[in-house]
Amino acid sequence: MQKLIVREVERGFFEELVRCPVVAVLGPKQSGKSAFINMITDRIEKMRYFNLKKWEHLEALYDAETIFKTTEEVVFCIDNIHLAPELLSVIGALVGAEVTRAHFVVAGIMAEEELRQALSNATPVSIFFLSGLTFGELFHPLDFSITRHWLRGGFPESYFATSDTTSVVWRENYLKQLIENDNSRLGIYLSGMQLYRLLNTFAQNQSESLHASKIAEIFEVTHPTIRRYVEMLESSYFMRLLLPYPEKTKKRIVKTPKIYIRDTGMLHKLLSIHDMETLRQHPLRLASWKGYVIESILAGFPEWKGYFYESASGGCLDLVMIKDKQKIAIKAVLSTTEITDHYLNAVNDIHPDYTYVVSASSVAQSKENGNIVMCTLSETMEWIRKNNE
């Protein structure tokens, strides 16, 4: 049985709803968007709810402009907006012309840029991202299992499954639906078998640079086609394209983006990793841990921008977070014995305010050496929060 989880997007949500005429909740399917929308509707006094998966709700919005154009202070909640994105242009036009007093909450599987363009870039909109259940949402020292979260990922049905086997079956069905039903919606025109091979290829290259030309040769398509497929999978929140460090350094740096399957549960399903014993022995264990650390930290601190740093001479930092003039560096390791001179050289290259070496070992002892801290993921989250209050 799933327990009630307070989602991180709830922080500031209602303040933004009062301030901003349009608030969007974006994220992958099955991440809990509808559950979150249902939760907020119970706390809004004047509200009209539409779920675009229901034919009668779609039919009710046939003349959406008339419905949305109101002098009443009401909130329209529209779930699954990606099924009728044309409604966004209606909302944008009414808000822009200031002919409605309504506020709008929209939820769906859309890229941020796609949403802004559909509304028109001039429309004020506040955007919240809802991924699967995050480390920060689940963590409690008494009952949280980081190994389960890392292995199964954050999709609620997968994480709360009664067994690893049940979780694997759920993720298998999720991928099957993505491959069989969603590929054309994403603009990926491959057969089911080819798309599965492509996803598996991306999984095998977790945390590596995107070599689109090599992958294009395998699938006998063009280099731009592979880049477009990656962008489509990124816009549906299945993958993350982590960009290189944007500031100049004295070193020549790697400028090719790195690719990650965002949810480690989906990564492990593609790699046929079904239990912790297999994960402990798998050659991509470190790559999986890097992705888990990156997603956990970026989800916990969405106001920061994330990049990676890698110099041609080998210095590498898995995540560099930048906000205003502040800079934090993250290195994910399986144990603190893996620290090398290459890592220290990378720290000296970019001079972060703080550096955290995040160990997968639950028995890692927190160590502080100047602005370099070696600790577990939970301790890292606490250090970042404490140093930026």
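**Exercise 1.** Which residues does Asn 51 touch, not counting residues up to four places away in sequence?

*Solution.* The model is predicted, with local features needing pLDDT of at least 70 and side-chain atom pairs counting only at pLDDT 80 or more, while totals for chains, interfaces and linings use all residues. Residues are numbered from 1 along each chain as its sequence is written, and side-chain values use heavy atoms, without hydrogens and water.

Step 1. Asn 51 is placed in strand β2, residues 47–51 (strands are DSSP runs of E, at least two residues, and helices runs of H or I, at least four, numbered from the N terminus).

Step 2. With contact meaning heavy atoms within 4.5 Å, Asn 51 touches His 57, Asp 79 and Asn 80.

**Exercise 2.** Determine whether Ile 127 is buried, partly exposed or exposed.

*Solution.* Step 1. Buried means under 20% relative accessible area, exposed over 50%, and partly exposed in between (1.4 Å probe, protein chains only).

Step 2. The relative accessible area of Ile 127 is 24%, so this residue is partly exposed. Asn 51, at 12%, is buried.

**Exercise 3.** Describe how helices α11 and α12 are arranged.

*Solution.* Step 1. The axes of α11 (residues 192–204) and α12 (residues 212–219) come within 11 Å and cross at roughly 150°. Axes are lines fitted to C-alpha atoms, for helices over the stretch in contact, with angles from 0 to 180 degrees between N-to-C directions.

Step 2. Angles under 35 degrees count as roughly parallel, over 145 as roughly antiparallel, 65 to 115 as roughly perpendicular and the rest as oblique. The two helices, α11 and α12, are therefore roughly antiparallel.
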